[in-house]
Structure formats: C-alpha cells, structure tokens
Amino acid sequence: MPIRKNLELLEELQKIDLGFEYIKNTRGKLPEQISELKEDFELKDANLNALKSQIEVIEKSQRKIQGDIDISSEKIKKYQAQRYEVSTNKEYEAINTEVETQEQKIEDLEKQILDLIAEEEEVKKEIEDLEKETKDIQQEIDEKEKELAETDEKSIKDEKKLTKKREKLVPEIDAKILRKYTRVAKSNNRVGIARVTKSACGACFRKLMPQVVVDVRAMDRYIFCSSCSAILLPEIEAEEA
Ligand SMILES: [Zn+2]
C-alpha cells in the first residue's frame, strides 16, 4: 500500500485514539469531587450525631435538676406544715432556716435549668444549621453522581463506536508503521503522528529543518520528528479563498 494511504489511515487512527483519551477525560474531576463531598458529609454527619447526644445529656440533666427542685419543694411544704406544730421560738427559727435553705437551693437549681435551656437552644440551632448543610451536600452528591452516571453511559456508547471504527481501520494499516505509531504514541502522550505546523513538529513543536519539511511533503517515505519521533504529515495547505 502506498505510503500516502498509510499516512492517511494513521491520521484517522490518531483521531480515534485521541477520542478514547477525550472520553477518559470527560469524567474529569467528578469522581474526585464526589468523594470530597462524601468526606465532608460524613464529617458533618458525625458532628450532627455528637450534637444530638449532647441534647440528650442536657435534657437528662434538666430532668435530674427538676427532680431535685421537686424534692426541695416537698421539703418546704413539710416544713411549713411543721411550723404550726412547734412550741418554741428556737424550733420555729430552725424550721425557717431550713425553708430558706431549700428556697435558696431551688433558686440555684432554677438558674441551672435556665442555663441548660439556653445551652439546649444553642445546640438545637447548631443542629438545624448542620442538618441544612448536610442536606445540601447530599443533594450535591446526588446531582454529581447522576451527572457521572450519564457521562459514563454516553462514554460507553462513544467508546463502542470508536472501538468498532478502530477494529475496522487497524488491519488496513501496514503492520510495521502501525507498530511504530503505537510505540511513539505510548511514549508521546498519545500522539504518534502529527502534522507539520508552521515548519515545526505538530506534536512537540520543535522547528524542523527546511529539507525535512520538503521530504514530509513528498510523502514517498516515512519521516519522523528527530525530537519526539512522531510520524510527520505535511502541513495542511491554507484553503483557497
Ligand atoms: Zn516532534
């Protein structure tokens, strides 16, 4: 088969191979973004659970303090009833002191409850904010996963098409130059064949000797870039106006 035909087929093959590369890149940053979002979600979710446990602890303390208040209230009632049964001033004073002690205790406990209520409100607000954040993150994860699934679905279809084209094309190309192309493409960031562009190699952009440019244009033998080894194709002539 003439060199020119092989070169044309190789260029076609190059387009297909770059197509595979393009498809591979379409997933882009999505998988990375999704895993970052999931990490963030888990962190916030753990935080949320910790805050919810905190609420339980606060409520338990409230119940405990309320119980203590009830006990003190009962005691006061009892002392008040005893007031009518005492006969000496001393006993009366003693009861009054007890009542005052319990009243002071209740006052302190009520203050503690108020502090706990304030703390609980604060934590509940944090929970509310965090729940909104985790909900938003989950929504973002869902959207990105959907996008990725759609991309992958399209990629599979496109890859199938390219694979079919490639399988049809490869047997038509001279085996020796195909091996060379494969080798160069592998080491050359997928570029095995390139057009001369402004007297430079289209793959590595190294300037070419004028004689090389002329030889490439003749297309009667394979010419390789002396720098990156890419198989060289002549520059596309500017279209006539
Ligand atoms: Zn080159």
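Residues are numbered from 1 along each chain as its sequence is written. In this predicted model, local features need pLDDT of at least 70 and side-chain atom pairs count only at pLDDT 80 or more, while totals for chains, interfaces and linings use all residues.

The protein chain splits into domain 1 (3–22 + 171–233) and domain 2 (27–161), with bounds from an automatic or database domain assignment. Their centres, taken over C-alpha atoms, are 68 Å apart.

Three strands form an open sheet of order 2-1-3 with mixed pairing. Strand 2 and strand 3 are the edge strands, each pairing on one side only. Strands (E, at least two residues) and helices (H or I, at least four) are DSSP runs numbered from the N terminus, and two strands pair if DSSP finds at least two bridges between them. Strand 1 pairs with strand 3 in the parallel sense over three bridges; arginine 195 has leucine 233 in strand 3 as its bridge partner.

| Element | Residues |
|---|---|
| Strand 1 | 193–197 |
| Strand 2 | 200–201 |
| Strand 3 | 231–233 |
| Helix 4 | 175–187 |

In helix 4, Tyr181, Val184 and Ala185 are buried (20 or more other C-beta atoms within 10 Å of the residue's own; exposed means 12 or fewer, partly exposed in between; C-beta atoms are placed from the backbone). Seen down the axis of helix 4, the buried residues fall within an arc of 100°, so they line one face of the helix; the arc is that of the directions from the helix axis to the C-beta atoms. The face turned away from the buried side carries exposed residues, including Lys176, Arg179 and Arg183. After helix 4 comes asparagine 189, with a positive phi near 55°.

Methods: Expected span 1.5 Å × (residues − 1).
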